[in-house]
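Q: Could you take a close look at the place where the two chains meet, and walk me through it?

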Amino acid sequence: MSPATFLGMPPFPVAAREALANSQQRGNLRNATRTIRAKRAGVVGEVDDWEQLRRAGAAIKDEVLGNLDGYLEQLEASLTLAGATVHWARDAAEANRVVIDIARRHHVDEVVKVKSMVTGEIELNAALEAAGISAWETDLAELIVQLGDDLPSHILVPAIHRNRSEVREIFLREMGKNGIPADVDLTDDPADLAGAARRHLREKFLRAKMAVSGANFAVADTGTLVVVESEGNGRMCLTLPEVLVSVVGIEKIVPTWTDLEVFLQLLPRSSTGERMNPYTSTWSGVTPGDGPHEVHVVLLDNGRTSVLADEVGRQALRCIRCSACLNVCPVYERTGGRAYGSVYPGPIGAILTPMLRGIGTDEATDSLPYASSLCGACFEACPVLIDIPEVLVHLREKVVDAHRGRMPGTVATTMTGASWLLTNGHRLAALQMLAGVSRRIFWRRGRIGRMPPPLSRWTDARDAPAPPRESFRAWWARTDGGRGARRADDDGRDER
Amino acid sequence: MEPSVMKVAVFVTCLNDTMFPGTGTAVVRLLRRLGVDVEFPAAQTCCGQMHVNTGYVAEAVPIVRTFVEAFAGYDAVVAPSGSCAASVRHQHRLVARRSGDPRLAREVATISPRVYELSEFLIDVLGVVDVGAYFPHRVTLHPTCHSRRMLGVGDKPEQLLRAVRGLTLVDLPEAHECCGFGGTFALKNPDVSVAMGSDKARHVRETGAEVLVAGDNSCLMHIGGLLTRERAGIRAMHLAEVLASTEPGA
Ligand code: SF4
């Protein structure tokens, strides 16, 4: 079975329309995001210096991004000194090749994996599969997604769109094909489901010779990688197998060990709404007699340096993948993550995916910066102060500019026309006169009902107001701003 | 500066000017009642937000130019729209930068900070919370995203409503969630926009209010359009119109 892929997904509005009809997902997301929002608000509210922490988190990341070349060299040196082998990967193909080569050298045909966004980004599992190597996801939700041949829909809770009876069915059907089967009398009780996953995974932990992880942070001065998780599966992957390969985006650096203080407060409170996450694993290279004998670190670019080159967009590289922006996003709450066509869903995905892939690559990518009402809830929640609405608007500008010179579509023509009209008060007044005349045609209790396309995009579900008899500027001119009003209704009191 | 000697202009906004003139006239009546002689510079048109937020920043340049020309020389500019005021204060400098014209950038830097959303102008500049209004109805307030998150008006609209005689203000569930209008978002992603709006409309109905109030007619056009389609019997009304209302004969 080859893993599911985001390749070739339709543009956001189309994918979203389908997702909106998925009642199971709608219900799950409504409940889950509401719960997590309340938890997050609670634990964030109890930290007096939360705003200072956010500013500190942003400042530390900006320091790294501003001097990334130096920090990367420092990290490479400290990792090497600690006994790790550092590999540099320009793109997904290079990173995947490094991991496959290491696996081949050790003659392994399977690896266990700690949940990692970056290996999803480079589609490592598919590459391993093609090389005849099985990749076993060991995070519970990631396991559900993998066994169900499904795509993740949330950064932190990738199987958020599933309910427990679906999980039970997937376990019963798929576990046996991939290892220890689930008991035939498996119930959909969460503890029972977790028990089945434990038995299934334990066999893999004890057998696997090689593990693949990502990292939440890479400490430049000590050469330490950090993985933050909740289930203990990470701890197992990071300590049991003989060979450990970690794929790390180059933006994951923090300068010093003490900087972790800031992020280990920001991350769990923003992501799971916990004061502290259950498991924090840190390792610096190889420690003889303790943990893996061979430690590899693959430092991945894959578009990050071009994000860095974008003055406005580079703030997206501060992201610590906490998923707070998803949980507060009213669009995400209704569409779920898969509509965003990338491992990075929600508001952060809407800015990061187009920047990593490049604006103008395809219609689906270019639709992402528009997948937002610009309400600003994400910016308000982000622990590292990424002004997502600002970046969205900036990327929309780039989308439009990338299409200049081609045949202008309806939107472009409308926008050019509207700009001409709205640059001059007299032109606007003429338009308003026309609108006033059209009132007689469309008038129906002051409301316009269903209209043909493209107006149907508005009127299919909503009434539109009928244009008034007289615009404000016409009223002002006629009555001298109400000062010359002779009739009672001439002070403009009548219209609605 | 004393309000009576301030040179104050209303930036009525293109949407209100064209579709909701009653909001503009309400602002004029309200401000005059409070002793402010407000002017309407007829050269004004639009803030350019629709263009900027859709990515047509180059096309927004002449609109912003028109804006700064229309409002040059005023001490304060009052807009009955949190969204348009936020666009002027936060986006005009981006547009000016794109134009590459340093003079436009200077003019924007002078004028943008003098632009206020209505509730800001009333409370922060005039220092009034009780504007002497009378509105004997059950009302719920939708605090619009841009006024709250971009301008930081906080609970100013609520304070103003609470001081209105006869008015009963009922809390809106999930008040801070976006209504789904989002400018061209409503057309580019109509399905998501309507999904968000229908939840907002449902919460409005849950309050049992007769009137839904907000400081932005764009959001009201969206939520109100859903409410009338449902024949909900709830009126959408701009904050300015509530605040301009007085007892008959008063
Ligand atoms: S953008 Fe901010 S809120 Fe969203 S996942 Fe990244 S760090 Fe968290």
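A: The contact (heavy atoms within 4.5 Å) takes in 75 residues from chain B and 69 residues from chain A. Bear in mind that this is a predicted model, where local features need pLDDT of at least 70 and side-chain atom pairs count only at pLDDT 80 or more, while totals for chains, interfaces and linings use all residues. On bookkeeping, residues are numbered from 1 along each chain as its sequence is written, chains are lettered from A and ligands numbered from 1 in the order in which they are written, and side-chain values use heavy atoms, with hydrogens and water left out.

The size of an interface is often given as the accessible area lost when the parts come together. Here, chain B and chain A bury about 6,100 Å² between them, with 57% of it on carbon and sulfur atoms; that's accessible area (1.4 Å probe) lost on being put together, summed over both parts.

Then there's the charged side of things. Between chain B and chain A the count is 13 salt bridges, each a side-chain nitrogen of Lys or Arg within 4 Å of a carboxyl oxygen of Asp or Glu. One of them joins Arg98(B) to Glu397(A), with the closest N and O atoms 2.7 Å apart. As for make-up, the side of chain B that touches chain A divides into 33 nonpolar, 25 polar and 17 charged residues.

Key: Buried area is the accessible area (1.4 Å probe) that two parts lose on being put together, summed over both. Ala, Val, Leu, Ile, Met, Phe, Trp, Tyr, Cys and Pro count as nonpolar, Asp, Glu, Lys and Arg as charged, and the others, Gly among them, as polar.
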